Amino acid sequence: MDNEINSGGRTLPARRVVGYALAAAAVALSLTGCQDSGTGVEVSAGESAAADASDGARGSGGTRDDGPRRLLWMGDSIGEAQAPALDAAMKAGGVAFESVAAAGGGGVVGEIAAPTWDRLPKTLKTFAPDVVAYQVTTYDWGTPAEQRAAYERLVKTVNEAGADLLLVSAPPFELDDFYQPHKKEIESAPRSAKSVAAKHPDTAAFLDASALWGEDSGAEQAQRGKDGIHSCQQGSAAFAVWFGEQLEQRYGFDPAAADAWATGEWTGDQVYSRLGCA
């Protein structure tokens, strides 16, 4: 089984391409305006409404036929900006959601990862997720060997807690003066994550988000905000739609239609005002 869950290996319907961010005639996302971050999320009128939380039916293509039921989201400030949309989308689909994405940290590689490793076992115990999704952070600095060791540790920690691990590549972001010295490490991190996931096909997977964002942070497809790094509301909603489809492929999860959650209160989350999203 191919662990890389993206458009590779199958042809996506035309309505899901071009960054999943084309405006749809069926549902207009009346999100708070998001400057320089894309044009919205495509939604088909034929997509299903919010999944009934009591419906336990799952497909046979994933490692679990009864999940996800409880999703833990991990990442840095990029993941933090995506979390409100993910929260809304997951809950609309009957999935309990918790985010530990942290601005200025959240990674698992190197000394900067100490707070993550201190917090994670506690969260795994109290929240008891059946799926953990870790978006590779902008701080996963280290040699490829160090990165692989950290991701192996993450797989082991999550699996021992009874959960699957999804390693998700980060969107393309502007390498400013802060990030430029770590360019090689930032580029090697997703490759390291993918190689680790390949060793654990039954309990881990690598999700290549370039199918959504592309690889150019300056392109419209990347849906970056004014800082060139984070996403505003539309970009975060586009990610939540895409991520739900990845869960559908792996677990048979039935994602809620975007019109069931995309115009909710989450669009006014303070994370977007901090980022200058209109």
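Keep in mind that the model is predicted.

**The sheet**

Let's start in the strands. Five of them form an open sheet, in the order β2-β1-β3-β4-β5, and the pairing is parallel. At the edges sit β2 and β5 (204–207), each of which pairs on one side only. From one strand to the next, the twist averages 20 degrees. As a bit of background, strands of a sheet pair through backbone hydrogen bonds, either parallel or antiparallel.

Zoom in on two of the pairings. Strand β1 (residues 70–74) runs parallel to strand β2 (residues 96–99), and four bridges join them. Here Leu-72 has Glu-98 in β2 as its bridge partner. Strand β4 (residues 164–168) also pairs with β5 in the parallel sense, over four bridges. In that pairing, Val-168 stands opposite Leu-207 in β5.

How do you get from β1 to β2? Together with α1, these two strands make a right-handed β-α-β unit.

**Helices on the sheet**

Helix α2 (residues 114–127) lies across β1, β2 and β3 (131–135), and runs at about 170 degrees to β1. Helix α6 packs on the sheet too, touching β1, β3, β4 and β5. The direction of α6 makes about 135 degrees with that of β4.

**Helices on helices**

| Helix pair | Angle | Axis separation |
|---|---|---|
| α1 (residues 77–92) and α6 (residues 233–251) | about 50 degrees | 8 Å apart |
| α3 (residues 144–160) and α4 (residues 183–198) | roughly 45 degrees | within 9 Å |

Take α1 and α6, which pack at about 50 degrees. The crossing of α1 past α6 is right-handed. Residues meeting there include Ala-85, Leu-86 and Ala-89 in α1, and Phe-239, Phe-243 and Leu-247 in α6. What classes of residue does this contact have? The residues divide into 10 nonpolar, three polar and no charged.

Now for α3 and α4, whose axes cross at roughly 45 degrees. That angle makes α3 oblique to α4. Here as well the crossing is right-handed. Among the residues making the contact are Arg-148, Tyr-151 and Glu-152 of α3, plus Glu-185, Ser-188 and Ala-189 of α4. By class, this contact of α3 with α4 has six nonpolar, four polar and three charged residues.

Key: Residues are numbered from 1 along each chain as its sequence is written. This is a predicted model: local features need pLDDT of at least 70, side-chain atom pairs count only at pLDDT 80 or more; totals for chains, interfaces and linings use all residues. Side-chain values use heavy atoms; hydrogens and water are left out. Axes are lines fitted to C-alpha atoms, for helices over the stretch in contact, and angles run from 0 to 180 degrees between N-to-C directions. A crossing is left-handed if the near helix is turned anticlockwise from the far one by less than a right angle, and right-handed if clockwise. Contact means heavy atoms within 4.5 Å. Ala, Val, Leu, Ile, Met, Phe, Trp, Tyr, Cys and Pro count as nonpolar, Asp, Glu, Lys and Arg as charged, and the others, Gly among them, as polar. Two strands pair if DSSP finds at least two bridges between them. A crossover is right-handed if, with the strands pointing away from the viewer, the path from the first strand over the helix to the second runs clockwise. Angles under 35 degrees count as roughly parallel, over 145 as roughly antiparallel, 65 to 115 as roughly perpendicular and the rest as oblique.
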